[in-house]
Amino acid sequence: DGDDGTALLPEGCAVCLGDFHGAARVRRPRGCRHVFHRGCLDRWASHGHHTCPLCRAPFLLPLPLPAS
């Protein structure tokens, strides 16, 4: 984490190899700590991949919301 309480991002996206910019929309899959551009990871998943592009950890499903 940064000194101002913000999370530090890696230098770039491993899918497109592009840098993260200040307002980049990113996604961190549950199951690992890697960070990707949101669109890049969505495209990766839309091609039938169910693992992290870097470490191949399986994507975990989001936690279910409690019933009201």
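Start by selecting Cys13, Phe20, Cys32, Val35, Phe36, Cys40, Leu41, Trp44, Cys52 and Ala57, the 10 residues of the largest nonpolar core. Three of them come from α1, the largest share. Such a core is a set of buried Ala, Val, Leu, Ile, Met, Phe, Trp, Tyr and Cys residues joined through side-chain atoms within 4.5 Å; buried means under 20% relative accessible area, exposed over 50%, and partly exposed in between (1.4 Å probe, protein chains only).

This is a predicted model, in which local features need pLDDT of at least 70, side-chain atom pairs count only at pLDDT 80 or more, and totals for chains, interfaces and linings use all residues. Residues are numbered from 1 along each chain as its sequence is written, and side-chain values use heavy atoms, with hydrogens and water left out.

Next, select Ala57. Beyond its neighbours within four places in sequence, Ala57 is in contact (heavy atoms within 4.5 Å) with Gly31, Cys32, His50, Thr51 and Cys52.

Move to His37, in strand β2 (residues 36-37). His37 is buried, at 16% relative accessibility. A polar atom of its side chain lies 3.4 Å from the backbone oxygen of Asp19. Residues that His37 touches, not counting those up to four places away in sequence, include Cys13, Phe20 and Arg27.

Finish at Arg27, which forms a salt bridge with Asp42 (a side-chain nitrogen of Lys or Arg within 4 Å of a carboxyl oxygen of Asp or Glu); the closest N and O atoms are 3.0 Å apart. Arg27 lies in strand β1 (residues 26-27) and Asp42 in helix α1 (residues 38-46), so the pair ties together parts 15 residues apart in sequence. Helices (H or I, at least four residues) and strands (E, at least two) are DSSP runs, numbered from the N terminus.

Conventions:
A polar contact is a pair of N or O atoms within 3.5 Å; within protein, one must be able to donate a hydrogen and the other to accept it, and residues adjacent in sequence count only if both atoms are side-chain atoms.
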